[in-house]
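Could you walk me through this structure, from the overall layout down to single residues? I am seeing it for the first time.

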Amino acid sequence: MATIITASNAPAALGPYSHAVLVGDTLYTSGQIGLNPATGKMAGDTIEEQAHQILANLESVLEAAGMTFANVVKTTVFLTDLADFATVNGIYGTKFPSNPPARSCVQVAKLPAGAKMEMELIAAK
């Protein structure tokens, strides 16, 4: 049975989707972009500002499901420019200092709301 997870401290969905769905002990999140939940606007124009906001948004979703970044087993990162890969790695690594999850990272042509990055994850209790 699936349980819909909604995080009060994450931005509202831009479409017909949930922040996450919990199936058994496994959490599947929707992709998060760098929207500030208080304003509904992008946290900033730089990849650094957006990456930090994305991680904060995902942390809120994890907390709403009773989990932390320690529960994350897989992430997918979408970048509009792979030249940002090293910068994103540095910020990403702050949430996964040891035993990081499996990850895929791809460059895409465009993301919603002009975002430079989007990230989704799978976590398990």
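A word on the numbers comes first. This is a predicted model, in which local features need pLDDT of at least 70 and side-chain atom pairs count only at pLDDT 80 or more, while totals for chains, interfaces and linings use all residues. Residues are numbered from 1 along each chain as its sequence is written, and side-chain values use heavy atoms, with hydrogens and water left out.

Let us begin with the overall layout. The chain has two helices and six strands; helices (H or I, at least four residues) and strands (E, at least two) are DSSP runs, numbered from the N terminus. Starting at the N terminus, their order is β-β-β-α-β-α-β-β. Along its principal axes, the C-alpha trace spans about 40 × 35 × 20 Å. A compact globule of 125 residues would have a radius of gyration near 14 Å, and the chain agrees, with 14 Å. That radius is taken over C-alpha atoms, and the globule rule is 2.2 Å times the number of residues to the power 0.38.

Buried residues make up 40% of the 125 residues. Here buried means under 20% relative accessible area, exposed over 50%, and partly exposed in between (1.4 Å probe, protein chains only).

Now find helix H1, residues 47–64. Among the buried residues of H1 are Ile 47, Ala 51, Ile 54, Leu 55, Leu 58, Val 61 and Leu 62. Their cover includes strands S1 (2–5), S2 (20–23), S3 (26–29), S4 (72–79) and S6 (117–124), along with helix H2 (85–92). After H1 comes Gly 66, with a positive phi near 75 degrees.

Helix H2 has Val 88, Ile 91 and Tyr 92 buried. Viewed down the helix axis, these buried residues fall within an arc of 100 degrees, so they line one face of H2; the arc is that of the directions from the helix axis to the C-beta atoms. An α-helix has 3.6 residues a turn, so residues three or four places apart point the same way. The cover over the buried residues of H2 includes H1, S4, strand S5 (102–107) and S6.

Which residues touch the most other members of the largest nonpolar core? They are Leu 27, Leu 62, Phe 69, Met 117 and Met 119, out of 27 residues in that core. A nonpolar core is a set of buried Ala, Val, Leu, Ile, Met, Phe, Trp, Tyr and Cys residues joined through side-chain atoms within 4.5 Å. S2, H1, S4, H2 and S6 each supply at least two residues of this core, and the largest share, seven residues, comes from H1. Apart from this core lies another, of five residues, among them Ile 33, Leu 35, Phe 78 and Leu 111.

Beyond its neighbours within four places in sequence, Leu 62 is in contact with residues including Leu 27, Phe 69, Val 72 and Leu 121. Leu 55, also in H1, counts as buried at 4% relative accessibility. With the neighbours within four places again left aside, Leu 55 is in contact with Phe 69, Ile 91, Tyr 92, Lys 95 and Met 119.

Next, look at Thr 29 in strand S3, which counts as buried at 9% relative accessibility. A polar atom of the Thr 29 side chain lies 2.8 Å from the backbone nitrogen of Leu 121.

Finally, visit two loops. Asn 99, between H2 and S5, has a positive phi of about 50 degrees although it is not a glycine, and counts as exposed at 72% relative accessibility. Ala 113, in the loop between S5 and S6, has a positive phi near 60 degrees and counts as exposed at 55%. Most residues other than glycine have a negative phi.

Terms used
Contact means heavy atoms within 4.5 Å. A polar contact is a pair of N or O atoms within 3.5 Å; within protein, one must be able to donate a hydrogen and the other to accept it, and residues adjacent in sequence count only if both atoms are side-chain atoms.
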